[in-house]
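Q: Got a model open here and I'd like to go through it with you. Can we start with a helix?

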Amino acid sequence: MKLISLELKNFRQYRSASISFPDGVTGIIGPNGAGKTTILEAIAWTLYGAPAVRGKNETIRSNSSEPNARPSASLTFELGGQIYSITRSLDPSGRVGQAVLEIDGKPVRSGMSEVTEAITSLLGMDYRAFFTSFFTGQKQLEFMAALDGRAREAAISRMLGYDRLTKAREQVNQDRLGLEREIQGLEKGLPDPEDLARRLNDAQERLNTAFTALREAEIRHRQAADTLSKLVPVKDESDKKAKAYENLSRQLELHKAELQRAEERLLQVRAELADLASRRAELDSLQLDLKRYEEAGAEYKRLKALQVHEAERQQLAGQIRTLEAEVERLESRVVKLRSARNEQEKLAAAVSETQTLLSSAEAELQRLREELVAKRHSLEVQIKQLTKQRSDVQAKRNQIAQAGREGACPTCERPLGEELDVVLARFDSQVSDIDRTLGDLNAQLSGLSRYETLIGDVAAQRNKLADQLESLRKEKSDADARVKEYETLLKDIEQRKAELTKCRERLDLLPKGFDQFRFQELQRIGEELRPVRERAVALKAALDREPTLRTEEADLDSRVRDLRSHVTSLGQAIEDLQFSNEQHESISQEFQKASQAVADAAVELERCKGDVRSARLLLDAVEREQRDYEERMRELQSKRFQHAHLRALAEAFDKLRADLNDRIRPELEYTASQLLSVMTDGRYNVLRIDDDYKPVIVDDGEEKPVISGGEDDIVNLALRLAISQMIADRAGQSFSLLILDEVFGSLDETRRQNVVSLLQNLKNRFEQIILITHIESIHDAVDNCLWVEFDENSKTSRIAERRAEDFVEMAV
């Protein structure tokens, strides 16, 4: 696999970046946090999607990008002579993504998960295997230095993927334990086969006994039903006569009761008609008093109407007196308030003039204060910036002067030589210019005191105008209240005079002629004759019922004659029926006994049927238990077979893991020795790994007991690359790409240069070696160099290329 290019848009801190990956050793250099490892993350995300990113997809979009910007990454690489291109992108929310895989410019697969599956199949390894082989993470050159023998073996086995065999064996053992529990459960629930056979025989015998009892009950039920069928016609005939006798007797009793009620009501009606004749004579004797009552009532109504108007007349007179007094009081107050409007106008003009003067004073005061604050702030900011600039320049000058002519430049680590005096002179000139400027700015800052005096004078004038305005506003408010009261009084006087006119006009229109003495006399007459009128009304109401009573008397007389005829007819019909209640009771008792015998036989028959059903259910339950026993025995035999199979499979996994572990050391020794030979130009050809997986250099057939720090770096690098080679070989991939991320750890400068030289020796074996580091001093030792820079202001990273002369300028 060979990387060609990487394009980033709105990815993490990269707004836009384009990276080309040449052959040879390429250094990606930048300070910590600049975004170097983000480049590896982008390659991983492009290949394998979400599992390869730190956090979730929602965190990928750059915080400095536009609100609706879509993050995306495109990776182009070569594999097996074909060019592959993968592009992944997300919507602004990071929840919905798109992915496209192209081969030689033609799309072959789309979709986030679909592209991930295609890459996994193409490379023959998942995300974990890919990064364990092609990538060496931060500080991994000594990844096993602190581990003991068993821990080293476990770590290498895990990197090679052998831990999956352990997981498979553990899963097999879990499945086997589960089967053991199921087998124990099945064995505990199995019944005794002999007891099951005995219960099956008992259930069959019980069913046969129940069938015999059922047949006998059916015979008894038929005999009782035959006896009952012979009594049915006799019982029906007797019931028919009893029902007819009962109906005739009930009708006879009803007609007799109705005849008695009609005769009693006829007597009551005739008595009421006799009483009405005496009431008519009493009503005729009351006619003179009734006429006198009606005449007095008509005159009383006329005077009653005039009495209502008399009360209104007295009320209107009182209102007129009250309104006249109110109008006099209001006109007196109006005379006192006639000058209020002129005072209001004078005070309004004074308030307006004072407000104008106060606004001008406040505007001038605000202008002076803002001008003072702006000038003071501007001068203080300039002084602060220049003071910091002078401190920085002086510190840099002292640092360079202390280093001297033979000292190394802090940036490029090269000696300054004859340029030292020129550089120091430039710094001294800068310090002098800054001091002069600072003196001028401090003088201007001291001269701002005149603004304070001017602001105080304007503020005093504004306060005096504010007090004057407040006093005028209070006087104006009092004048406004008097004017409002004056206008309100004028309206009230007009309203009261209008009401006074209406009251006088209404008084003139009211009728006259009310006589209080005659009105009281008529009230007395009414009270005296009211009982006579009420008695007459009662007598008239009673006499109104006479026509109704006459009609009711005739109807009752006819009804009595008809009822007497019906009673005679019903008595003759009962005599002709010739019904005997004793004979009917005897027939009913005999029929009841026969019905009870049938019912008892039916109950016995149903009980026998229930016994048959119970016996049948019991037999079915025992037979189902027998079938369930046979089925569980077959299931138990099957699970015992599966248990034996899983035990054999677990043993096979153990044996396979032991065989693979036995092969790790020889293969790892062989691969690491080849790499060691290449990195040391044949100086060392053999790297032996002992039983504790500790690597040892073999020199001229003998183990080298003591090695230097540089040789230790060679051994660690060879061992790590050998593991990566084995992973790639198992995936069927050529191991032509190597990416090292911050592998130097705490190595000093000499050992770092040695490791870079070793990587140079590996260029014939690896087409591309990408070295990511924050150490700038290695730029001369690599073939190609990409610089990652981070802008604190925009919070974005960018890729830059620097020329050799750039380092000279930085050093100066």
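Q: Which residues are buried in α7?
A: In this predicted model, the buried residues of α7 are L290, Y293, A296, L303, L306, R313, L316, I320, L323, V327, L330 and V334. Buried means under 20% relative accessible area, exposed is over 50%, and partly exposed is in between (1.4 Å probe, protein chains only).

Q: And what do the buried residues of α7 pack against?
A: They pack against α10 (449–509) and α11 (516–543). Contact here means heavy atoms within 4.5 Å.

Q: How many residues does α7 have, and what span does it reach?
A: Helix α7 (residues 287–336) has 50 residues and reaches 76 Å from first C-alpha to last, close to the 74 Å expected at 1.5 Å a residue. The expected span is 1.5 Å times one less than the number of residues. Helices (H or I, at least four residues) and strands (E, at least two) are DSSP runs, numbered from the N terminus.

Q: What should I know about numbering and confidence?
A: Residues are numbered from 1 along each chain as its sequence is written. It's a predicted model, where local features need pLDDT of at least 70, side-chain atom pairs count only at pLDDT 80 or more, and totals for chains, interfaces and linings use all residues, while side-chain values use heavy atoms, with hydrogens and water left out.

Q: Switching topic: how many aromatic pairs are there?
A: The count is 2. Rings of Phe, Tyr and Trp (its six-membered ring) pair if their centres lie within 6.5 Å; planes under 30 degrees apart are stacked, over 60 edge-to-face, and the rest tilted. The F11 and W45 rings have centres 5.7 Å apart and planes at 45 degrees, so that pair is tilted.

Q: Where do F11 and W45 sit in the chain?
A: F11 is in strand β1 (residues 2–11) and W45 in helix α1 (residues 36–48), 34 residues apart, so the pair links distant parts of the chain. F11 is buried at 0% relative accessibility, and W45 is buried with a relative accessible area of 0%.

Q: Is the F77 and Y84 pair stacked or edge-to-face?
A: Stacked, because the ring centres of F77 and Y84 are 5.4 Å apart and the planes are at 10 degrees. Both F77 and Y84 are buried.

Q: OK, S74 next: what does its side chain join up with?
A: A polar contact of 3.0 Å joins the side chains of S74 and T87. That term covers a pair of N or O atoms within 3.5 Å; within protein, one must be able to donate a hydrogen and the other to accept it, and residues adjacent in sequence count only if both atoms are side-chain atoms. S74 lies in strand β4 (residues 72–79) and counts as buried at 19% relative accessibility.
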